[in-house]
Amino acid sequence: MSASQTVGHLLRQLNGLDPELPIRLAINPDFPFTHYLGTKVVVQDGTAFIADDGQEDYLPATVKNALGWH
């Protein structure tokens, strides 16, 4: 995945998913935890920023493996 993913790319990935499906961020392969996704989007200098909204729990091993974080 490119470090310069766009809003359009993200929307295409999410299209067709259940709109009630919770979203979590997978953070740091060396210390894998899930984080809540913040609700506010800030656009600054041509980039959209979405903050995390706190840590939830350890990242499930199946997700860690699917991400290639062995």
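Aspartate 18 counts as partly exposed, at 47% relative accessibility. This aspartate lies in the loop between α1 and β1, and the structure in which it is described is a predicted model. Although aspartate 18 and asparagine 28 are 10 residues apart along the chain, their C-alpha atoms are separated by 26 Å.

## Overall architecture

The protein chain contains 2 helices and 3 strands. Read from the N terminus, these elements follow the order α-β-β-β-α. Along the principal axes, the C-alpha atoms fill a box of roughly 35 × 25 × 25 Å.

Of the 70 residues in the protein chain, 10% count as buried. Among contacts with a separation of 6 or more, 30% involve residues 24 or more positions apart.

The charged side chains number 4 positive and 8 negative. The centres of these two sets lie 5 Å apart.

How many salt bridges does a search of the whole structure find? The search finds 1. The partners are arginine 24 and glutamate 56, whose closest N and O atoms are 2.9 Å apart. This pair links distant parts of the chain, with arginine 24 in strand β1 (residues 24-27) and glutamate 56 in strand β3 (residues 47-58), 32 residues apart.

Arginine 24 has a relative accessible area of 36% and is partly exposed. Glutamate 56 is likewise partly exposed, at 35% relative accessibility.

Histidine 35 counts as buried at 12% relative accessibility. Threonine 34 is also buried, with a relative accessible area of 7%.

The contacts of these residues can be set out in turn, leaving aside neighbours within four places in sequence. Histidine 35 is in contact with Arg24, Leu25 and Ile27, and also with Asp52, Gly54, Gln55 and Glu56. Threonine 34 touches Arg24 and Leu25, together with Gln55, Glu56, Asp57, Tyr58, Leu59 and Pro60.

Most residues other than glycine have a negative phi. Asparagine 28 has a positive phi, near 60°, and is placed in the loop between β1 and β2. At 37% relative accessibility, asparagine 28 counts as partly exposed. Aspartate 45, which is not a glycine either, has a positive phi of about 50°. Aspartate 45 is found in the loop between β2 and β3 and is exposed, with a relative accessible area of 72%.

Which residues make the nonpolar surface patch of about 410 Å²? The patch is made by Leu10, Leu14, Leu17, Leu21 and Ile23. Leucine 17 lies in the loop between α1 (7-14) and β1, and counts as partly exposed at 44% relative accessibility.

Leucine 67 is found in the segment after α2 (61-66). At 43% relative accessibility, leucine 67 counts as partly exposed. Beyond its neighbours within four places in sequence, leucine 67 is in contact with Ala26 and Leu59. Leucine 67 and alanine 26 are 41 residues apart in sequence, and their C-alpha atoms are 9.1 Å apart in space.

## Accessibility of selected residues

| Residue | Relative accessibility | Class |
|---|---|---|
| Threonine 34 | 7% | buried |
| Histidine 35 | 12% | buried |
| Glutamate 56 | 35% | partly exposed |
| Arginine 24 | 36% | partly exposed |
| Asparagine 28 | 37% | partly exposed |
| Leucine 67 | 43% | partly exposed |
| Leucine 17 | 44% | partly exposed |
| Aspartate 18 | 47% | partly exposed |
| Aspartate 45 | 72% | exposed |

Note on methods:
Residues numbered from 1 in each chain as written. Predicted model: local features only at pLDDT ≥ 70, side-chain atom pairs only at ≥ 80, totals over all residues. Heavy atoms only, no water. Salt bridge = Lys/Arg side-chain N within 4 Å of Asp/Glu carboxyl O. Helix = DSSP H or I, 4+ residues; strand = E, 2+ residues; numbered from the N terminus. Buried < 20%, exposed > 50% of the residue type's maximum accessible area, 1.4 Å probe, protein only. Patch = residues over 30% accessible without salt bridge, like charges linked within 9 Å, V, L, I, M, F, W, Y side chains within 5 Å. Areas by Shrake-Rupley, 256 points an atom, 1.4 Å probe, with all protein chains shown as cover. Contact = heavy atoms within 4.5 Å. Lys, Arg positive; Asp, Glu negative; His and termini not counted. Charge placed at Lys NZ, Arg CZ, Asp CG, Glu CD.
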